[in-house]
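Here is a briefing on the pockets of one structure. Take a look at the model before reading on.

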Amino acid sequence: MQALVVIAHPCDDSFTHATAAAARRGLGLGGHEVDVIDLYADRFQAAMSLDEWRAYESDTPILDPQVADHAQRLQRAEILVFVYPTWWSGLPALLKGWLERVTVPGVGFTFDARTGKIRPGLRHVRRIVGVSTYGSPRPYVKLINDNGRRMLTRSLRMTAGWQARTDWVALYSMDATSLADRTAFLERIERRMGSI
């Protein structure tokens with residue numbers, strides 16, 4: 001299957017990038033073709049422009065060539081893997097902006113011409129995987145609703161339809177982990193991705 005890995009962290013020597021590398025290795029070992037979008041390395045702009053907002057519900061909602069490229073890559077993917085640190089109880093702003101600018105009408109969803117209802121646009125997606133680190137312990141994250149996880153495994157899943165399965169791989173209390181804990185987490189990611 002075709003996998004798309006989306007990374008959101010500004011430092012290429014970060015643990016987030018190490019987790020993305022583990023995900024890529026695992027997907028490769030599982031026989032999947034892997035495409036990677038590194039949002040910071042690509043200098044992706046999170047904010048939707050006024051012109052994009054005005055074009056949002058038109059026949060041509062994508063105005064930026066980079067966004068068009070990312071949308072085409074998203075439309076080829078059967079597995080979506082998002083790798084990011086949880087900041088302020090949610091997705092990094094850049095990843096949230098990517099979702100807003102790329103999963104526009106005609107890509108992430110369509111409007112039924114007869115009823116006006118929203119229909120999933122990513123029906124080719126079979127699996128959505130989130131890989132994230134948290135500074136807080138799991139009970140605290142659960143208490144505040146884990147907004148990034150909910151966005152990807154619920155809201156984004158609705159754009160793929162209910163046939164898409166979701167997986168979550170998380171490392172909690174990141175600041176208190178040992179090298180052994182982090183190494184074990186990377187191995188777990190690689191195994192999990194290899195079994196998809």
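α6 contributes the most residues to the lining of the largest pocket: five. Helices (H or I, at least four residues) and strands (E, at least two) are DSSP runs, numbered from the N terminus. This is a predicted model, in which local features need pLDDT of at least 70 and side-chain atom pairs count only at pLDDT 80 or more, while totals for chains, interfaces and linings use all residues. Residues are numbered from 1 along each chain as its sequence is written, and side-chain values use heavy atoms, without hydrogens and water.

**Terms**
- A pocket is an open set of points on a 1 Å grid over the protein atoms alone, where a 1.4 Å probe fits, with protein on both sides within 12 Å along at least five of seven lines; lining residues have an atom within 4 Å of a point.
- A volume is the space filled by probe spheres set on the points, which are joined across faces, edges and corners.

**Largest pocket**
- Its volume is about 400 Å³.
- The lining has 17 residues, and T103, F109, S155, L156 and T159 are the closest to the centre.
- Two or more lining residues come from each of α4 (93–102), β5 (118–120) and α6 (147–160).
- The lining has nine nonpolar, five polar and three charged residues.

**Second largest pocket**
- This pocket holds about 220 Å³ of space.
- Its lining includes R138, V141, R149 and Y172.
- α5 (138–143) and α6 each give two or more residues to this lining.
- Here too α6 gives the most, with four residues.

Methods: Nonpolar A, V, L, I, M, F, W, Y, C, P; charged D, E, K, R; others polar.
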